[in-house]
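Please keep the sequence and the structure in view while reading.

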Amino acid sequence: MLVAALHAPAAEPRQVAPRQVFIVGDSTASEYGAERAPRQGWGMQLQSFLDPAAWQVRNHAQSGRSSRSFIEEGWLAPVERSLARGDVLLIQFGHNDEKAEDPTRYNEPAQAFPQWLARYVALARAKGATPILVTPLARRKFERGSRIDQLLDTHGAYPPAVRALAAREGVGLVDLTASSMAWLRALGDEASKPFFMHVPGQAQADDTHLQARGATAVACLVVAGWKALDPALAEQVVRDTDCGARDSALEDRRAQAHPSLVVGEAGLARQQPGPHGGAGTTTAYPFFADAPGLSFFFRKRVLHKGAGIGLHQHDKDEVYYVVSGTGRYIVDGSIRDVGPGDAMLTRTGSTHSLMQDGDEDLVILLAYPKAAD
């Protein structure tokens, strides 16, 4: 028996089925076909943030539904059939609950709205799943002011009602209203339009629904909020979730010692001989040379035909990146051909040299730290 056991094939590792994350909500999260492009709900982008071996997204959000009509029209029934222990239910309503003109959807925020939301929470808990309440996505509605455009809060008492329910029931909360308002304030009125359905070619100027870039940004906010509730989720997130902005973004911007800049290379060109004893003629573009508080130098250099950077030994780290053209790079006694897309890191103590090769100018970007004062 022992011999048989020693020669028995090793047991196959048990495959663990991915957990499911269900989305119930409205048009800001729902699925859209190609005929509605470029409109997307944030639920369409959620899977791109999650390891598919760990999580499968089931997006049941429906356009035009409130927390009431979603249940009364039967949209919750398939979720109820499929929801299982260990799954997560993301619950985002509010946009259509606000529509007092439609009694089939309207829910006043003090009692009716949280009472309907509580049914989703109860369902998830009865199934052994985890409910997470999500406050409604902010609308892109700015009021032009004398100094800076103000983002308006269009949801009124509805986000506070969700927050209060989460606190009362001990349910996890992703405050998407707050995070999306901070995101929109940081973007500003004009710069936020490309994230929403402002599509001149379709004669659309929709401040509620998202394009793909907006759906991706909002999905990132949702995942970041989910990770804050469950830090273990980070191991199953496959994309960066450092997204959005702090509530203090505008104040932080005003407090900057030095503002951010955009510059063009026109007017920056400096004709120079090959540096460090290099041959020929080069053109240097010293970007941000006078920018205060910058800890590194950033340059573009064009090595014209026959030009080069002479051999020199380094007392700092330096990076070259080849934009176009070809050259020959010498570092620590070895030589290799370099071309577009190649990046070269020269470390302190090394010697290096670069020479243009071929008929085309060699264009490089370079960065290196400024010497400490």
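Two residues are taken to be in contact when heavy atoms of theirs lie within 4.5 Å. The model discussed here is a predicted one.

## The 38-residue core and Trp 42

The largest nonpolar core of the model is made up of 38 residues, and those with the most contacts inside it are Val 21, Trp 42, Leu 46, Leu 50 and Leu 90. Two or more residues are given to this core by each of strand S1 (19-25), strand S3 (55-59), strand S4 (88-92), strand S5 (130-134), helix H6 (176-187) and helix H8 (212-229). Of these contributions, that of H8 is the greatest, with nine residues.

Which residues are in contact with Trp 42, leaving aside its neighbours within four places in sequence? The partners are Ile 23, Thr 28, Ala 29, Leu 90, Gln 92, Leu 176, Leu 210, Ala 215, Val 218, Ala 219 and Val 222.

## Helices H6 and H8

The axes of H6 and H8 come within 10 Å and cross at roughly 135°.

On the H6 side the contact is formed by Leu 176, Ser 179, Ser 180 and Trp 183, which meet Ala 217, Val 218, Leu 221 and Val 222 on the H8 side. Sorted by class, the residues of the contact of H6 with H8 comprise six nonpolar and two polar ones, with no charged residue. Leu 176 and Val 222, which take part in this helix contact, are also among the residues in contact with Trp 42.

## Helices H4 and H5

Helix H4 (residues 112-126) and helix H5 (residues 158-169) likewise have axes that come within 10 Å, and these cross at roughly 40°. H4 and H5 are therefore oblique to each other, and their crossing is right-handed.

From H4, the residues Phe 113, Pro 114, Leu 117, Ala 118 and Arg 125 meet Tyr 158, Ala 161, Val 162, Leu 165, Arg 168 and Glu 169 of H5. The residues of the contact of H4 with H5 divide into eight nonpolar and three charged, with no polar residue.

Ala 124 lies in helix H4 and is buried, because its relative accessible area of 0% falls under the 20% cut-off. Not counting residues up to four places away in sequence, Ala 124 touches Leu 83, Leu 89, Ala 129, Thr 130 and Pro 131. Between Ala 124 and His 304, which are 180 residues apart in sequence, the C-alpha to C-alpha distance is 68 Å.

Val 171, in the loop between H5 and strand S8 (172-174), is buried with a relative accessible area of 9%.

## Backbone points in loops

Where in the model does a cis peptide bond join two residues? The bond is the one between Ala 37 and Pro 38, with omega about 10°, and Pro 38 has its place in the loop between S1 and strand S2 (39-40).

Ala 203 has a positive phi of about 55° although it is not a glycine, and its place is in the loop between strand S9 (196-199) and strand S10 (204-211). Ala 203 is exposed, because its relative accessible area of 73% is over 50%. Asp 332, likewise not a glycine, has a positive phi of about 50° and is found in the loop between strand S16 (326-331) and strand S17 (334-338). With a relative accessibility of 49%, Asp 332 counts as partly exposed.

Methods: Residues numbered from 1 in each chain as written. Predicted model: local features only at pLDDT ≥ 70, side-chain atom pairs only at ≥ 80, totals over all residues. Heavy atoms only, no water. Axes fitted to C-alpha atoms, helices over the stretch in contact; angles between N-to-C directions. Helix = DSSP H or I, 4+ residues; strand = E, 2+ residues; numbered from the N terminus. Parallel < 35°, antiparallel > 145°, perpendicular 65-115°, else oblique. Left-handed = near helix turned anticlockwise from the far one by under 90°. Nonpolar A, V, L, I, M, F, W, Y, C, P; charged D, E, K, R; others polar. Core = buried A, V, L, I, M, F, W, Y, C linked by side-chain atoms within 4.5 Å. Buried < 20%, exposed > 50% of the residue type's maximum accessible area, 1.4 Å probe, protein only.
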